[in-house]
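Me: Please take me through this model by question and answer, with the criteria behind each term spelled out once.

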Amino acid sequence: MKERGGSRAAVDERYAQWKSLIPVLYDWFANHNLVWPSLSCRWGPQFEQATYKNRQRLYLSEQTDGSVPNTLVIANCEVVKPRVAAAEHISQFNEEARSPFVKKYKTIIHPGEVNRIRELPQDSRIIATHTDSPDVLIWDVEAQPNRHAVLGATDSRPDLILRGHQENAEFALAMCPAEPYVLSGGKDKSVVWWSIQDHISGLGDSSKSETSPGASGSKHSKTANEKDSPKVDPRGVFHGHDSTVEDVQFCPSSAQEFCSVGDDACLILWDARTGTSPAVKVEKAHGGDVHCVDWNLHDVNYILTGSADNSVRMWDRRNLGPGGGAGSPIHKFEGHKAAVLCVQWSPDKASVFGSSAEDGFLNVWDHDKVGKKKNPNSPGGLFFQHAGHRDKIVDFHWNSSDPWTIVSVSDDGESTGGGGTLQIWRMSDLIYRPEDEVLSELENFKSHLASCTPRA
């Protein structure tokens, strides 16, 4: 975390201060130490609801040093419901320990390291992964056999392999909310678009029968595994970037519209109905490489981008116009001290989003609060800062099943000598609820305390 200009001692001091504030800032918090770093973390389907907690799948990975295989991990996570956890329980944890709330359920031996995981919104048992290759791999995680990750074990066989890139595609990956479509970007400067509509209906049955032998230790070579996986060719290949494409995202309301960002500092909007050239191209969207992009679920006019220039920018596509890229952002959110790696709109409130960066912070913003700030030292729109990680936060994901709940993961290689930290947390609702509502509740609580005071 040298980017922040902070020494290890300064980071440790900041962390200790944050830890002391957990009972005030959080409704629930869980810390899970990872032996191997995970470059991605995603929520899967919720499968059980109980009185005090829900159970849900969680997808992450293990990026190893080669002494054991790289893996895709399916975990079961217990998500404690709001206003259930006791303050002393959430603040007392050992950073070196695994959380009792996260249990490994299944291991898939992944061909190469897992750089990115994305789930299909219509069926989150189906996920896509990016590795250091031109292919996108599709997995039916419930049908895949559980594997034991030991040195020399054969790779698990993907349920589908999506072909179309000419060079490695490592990070840019999205799955469509409207249709079973997949989008990817790569070093070949292209954006590639597939439909898996014709394939996903039969995934479960074929996977169970064909991949079971691999689970019981039959020795298929890697090429045999790949040979068995059906290949899917793209519906379209889109050209318009001048450098590596770093991230892609579908328009939430249309399977034909999407956007991409890249190391050429461009934001490009595409419309597959009008061809494979950019519909709108914003040159110099940032003052550096653009690492991430997200499209608002509640209002499809709004798009977020995050960059190596440390800023997050919010765009209104109605202002961009076709052709020359004359558009400028509605707002620049400047609160990070290092490159922004991930941005995501909240599923719970249209104006709220999160951003994570190499500075180890996950900032939560509300663009409705811009211009209404009460603290002159705080960046406009920033209303919560998660400071529980001690190194760069490489991914995070809002939980669409449990409101205001986030999973975040940091790669701790530079700070603690390896591994990573997975954290699952929910800020106190006193922070995001309307102020008059919160004040009313606190007043009632004060009255309640007064009535409980023993009379002299």
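Me: What volume does the second largest pocket have?
Reply: This is a predicted model, in which local features need pLDDT of at least 70 and side-chain atom pairs count only at pLDDT 80 or more, while totals for chains, interfaces and linings use all residues. Residues are numbered from 1 along each chain as its sequence is written, and side-chain values use heavy atoms, with hydrogens and water left out. A pocket is an open set of points on a 1 Å grid over the protein atoms alone, where a 1.4 Å probe fits and protein lies on both sides within 12 Å along at least five of seven lines. With volume taken as the space filled by probe spheres set on the points, which are joined across faces, edges and corners, the second largest pocket comes to about 510 Å³.

Me: Which element gives the most to the lining of the second largest pocket?
Reply: Lining residues have an atom within 4 Å of a point, and there are 19 of them here, with Lys 369, Lys 372, Lys 374, Phe 383 and Glu 435 nearest the centre. At least two residues each come from β26 (382–386), α7 and α8 (435–452), where helices (H or I, at least four residues) and strands (E, at least two) are DSSP runs numbered from the N terminus. The element that gives the most, with three residues, is α7.

Me: How many charged residues are in the lining of the largest pocket?
Reply: The largest pocket, with a volume of about 1000 Å³, is lined by 48 residues, of which Arg 42, Arg 118, Gln 249, Gln 344 and Asp 395 lie nearest its centre. Elements that give two or more residues to this lining include β2 (42–49), β15 (245–251) and β19. Ala, Val, Leu, Ile, Met, Phe, Trp, Tyr, Cys and Pro count as nonpolar, Asp, Glu, Lys and Arg as charged, and the others, Gly among them, as polar. By these classes the lining has 24 nonpolar residues, twelve polar ones and, as to the charged residues, twelve.

Me: In β20, what is the bridge partner of Cys 292?
Reply: Strand β19 (residues 290–295) has six of its six residues buried, that is, under 20% relative accessible area with a 1.4 Å probe and protein chains only, where exposed means over 50% and partly exposed lies in between. β19 pairs with strand β20 (residues 302–307) in the antiparallel sense over five bridges, two strands being paired if DSSP finds at least two bridges between them. The two strands form a hairpin with six residues between them, and in β20 the partner of Cys 292 is Gly 306.

Me: How is the pair of Trp 404 and Tyr 432 classed, stacked or edge-to-face?
Reply: Rings of Phe, Tyr and Trp (its six-membered ring) pair if their centres lie within 6.5 Å, with planes under 30 degrees apart counted as stacked, over 60 as edge-to-face and the rest as tilted. By this rule there are 22 aromatic pairs, among them Phe 250 and Phe 258, an edge-to-face pair at 5.8 Å centre to centre and 75° between the planes. For Trp 404 and Tyr 432 the centres are 3.8 Å apart and the planes at 5°, so the pair is stacked.

Me: How far apart in sequence are the parts that the pair of Trp 404 and Tyr 432 ties together?
Reply: Trp 404 counts as buried at 9% relative accessibility, whereas Tyr 432 counts as partly exposed at 22%. Trp 404 lies in the loop between β27 (393–398) and β28 (405–411) and Tyr 432 in helix α7 (residues 429–432), so the parts tied together are apart in sequence by 28 residues.
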